[in-house]
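Hi everyone, thanks for coming.

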Amino acid sequence: MRRLMLLRHAKTENDSPSGRDQDRRLDDRGRRDAAEIGGWIGGHPPTPDLVLVSPAIRAHQTWEIAWQAMKHLVPEPQVELLPDLYGADPAQLLLAIRMASATDPRRLMVVGHNPGMHELALALAGSGDAAGRKALADNLPTSGLAIFDFAVGDWNDVSFRRGKLVLFVSPKLLKQTLGD
C-alpha cells in the first residue's frame, strides 16, 4: 500500500516584487490556511515520509508553514525541492511520483500548482470517498489536500484511475465541518 498526498500551495499575492510568477509569496490568508492545513495533517496521521516541493516561493512557503504547524506532532519527513513540479502537467507529475520508488517512502506528499495538480487528482481517482470526489471535481483550491491510497507495492505501479480517494480537505471545508 502506498499513500499519496497532493497539496496545492496556499493563497498568494497577485504579483511578486520581481514580476516573476515563481517569486509570488503567500498573502496573509495563505499563511493562515497553510498553518491550518498543516495542523490538520499533523493531527491526522499517517503523515508523509517524503515531501516533494515545487521550487516556486509560494509552494516552498506553504510547506514550511504547514511543517511548523505539525512538527511537534509527527516525525520529520525528507523534503526535496523538485524543479520539474513547477508548471507540470499530470503526466509530468505522475513521472515525479514514480521516481519516488528510488527512496521508496510509504507515504509521499507533493506540494505544487494548478492546473496540473487538480488534473492529476481527477485522473488518479478511480474509487473512494464519493462526496470528496464530487467536491474535488469542481476544484483543488489553494491549500486543498487530496489523499489517495494505492494498492501497490512500488511507486512505479501508481497509475491513472487506480487511486482510492481517502479524503479531500481544504481550510474552507474544515470551517464548514466545524460549523463556522
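Let's begin in a loop: Arg161 sits between strand 6 and strand 7. Helices and strands here are DSSP runs, at least four residues of H or I for a helix and at least two of E for a strand, numbered from the N terminus. Before going on, a word on where this comes from: it's a predicted model, where local features need pLDDT of at least 70 and side-chain atom pairs count only at pLDDT 80 or more, while totals for chains, interfaces and linings use all residues. Residues are numbered from 1 along each chain as its sequence is written, and side-chain values use heavy atoms, with hydrogens and water left out.

Back to Arg161. Its phi is near 65°, which is positive in a residue other than glycine. Most residues other than glycine have a negative phi, and most peptide bonds are trans. Is Arg161 buried or exposed? It counts as exposed, at 55% relative accessibility. The cut-offs are under 20% relative accessible area for buried, over 50% for exposed, and partly exposed in between, with a 1.4 Å probe and protein chains only.

Asp104 also has a positive phi, of about 50°, although it is not a glycine. You'll find Asp104 in the loop between helix 3 (90–99) and strand 4, and it is partly exposed at 34% relative accessible area.

One joins Pro45 and Pro46, with omega about 10°; Pro46 is in the loop between helix 1 and strand 2 (50–53). Another joins Asn114 and Pro115, with omega about 5°, and Pro115 is in the loop that runs from strand 4 to helix 4.

Now the sheet. What order do the strands come in? There are 7 of them in an open sheet, ordered 3-2-4-1-6-7-5, and the pairing is mixed. Pairing needs at least two bridges found by DSSP between two strands. Strand 3 (78–81) and strand 5 (125–128) are at the edges with a single partner strand each, so one side of each has no neighbour in the sheet. On average, neighbouring strands are turned by 25° against each other, ignoring direction.

Strand 5 runs parallel to strand 7 (residues 163–169), and 3 bridges join them; Ser127 is opposite Lys164 in strand 7. Helix 1 packs on this sheet, touching strand 1, strand 4 (107–112), strand 6 (145–150) and strand 7, and its direction makes about 30° with that of strand 6. For the record, contact means heavy atoms within 4.5 Å, and axes are lines fitted to C-alpha atoms, for helices over the stretch in contact, with angles from 0 to 180 degrees between N-to-C directions.

Next along is strand 6, which runs antiparallel to strand 7 with 5 bridges; there, Leu145 faces Val169 across the pair. Strand 6 is also antiparallel to strand 1, joined by 6 bridges, and Leu6 stands opposite Ala146. How many residues of strand 6 are buried? It's 6 of the 6, so the strand is largely enclosed by the rest of the structure. In a regular strand the side chains alternate between the two faces of the sheet. Here both faces are covered, with Leu145, Ile147 and Asp149 buried on one side and Ala146, Phe148 and Phe150 on the other.

The largest has 29 residues, and Leu4, Leu6, Leu108, Val110, Leu124 and Phe148 touch the most other members. Strand 1, strand 2, helix 3, strand 4, helix 4, strand 6 and strand 7 each supply at least two residues. Another core lies apart from it, with 19 residues, including Trp40 and Trp67.

Last stop: Thr12, in the loop between strand 1 (2–8) and helix 1 (28–43). Thr12 is buried, at 9% relative accessible area. Its side chain makes a polar contact of 3.3 Å with that of Arg24. A polar contact is a pair of N or O atoms within 3.5 Å; within protein, one must be able to donate a hydrogen and the other to accept it, and residues adjacent in sequence count only if both atoms are side-chain atoms.

Methods: A nonpolar core is a set of buried Ala, Val, Leu, Ile, Met, Phe, Trp, Tyr and Cys residues joined through side-chain atoms within 4.5 Å.
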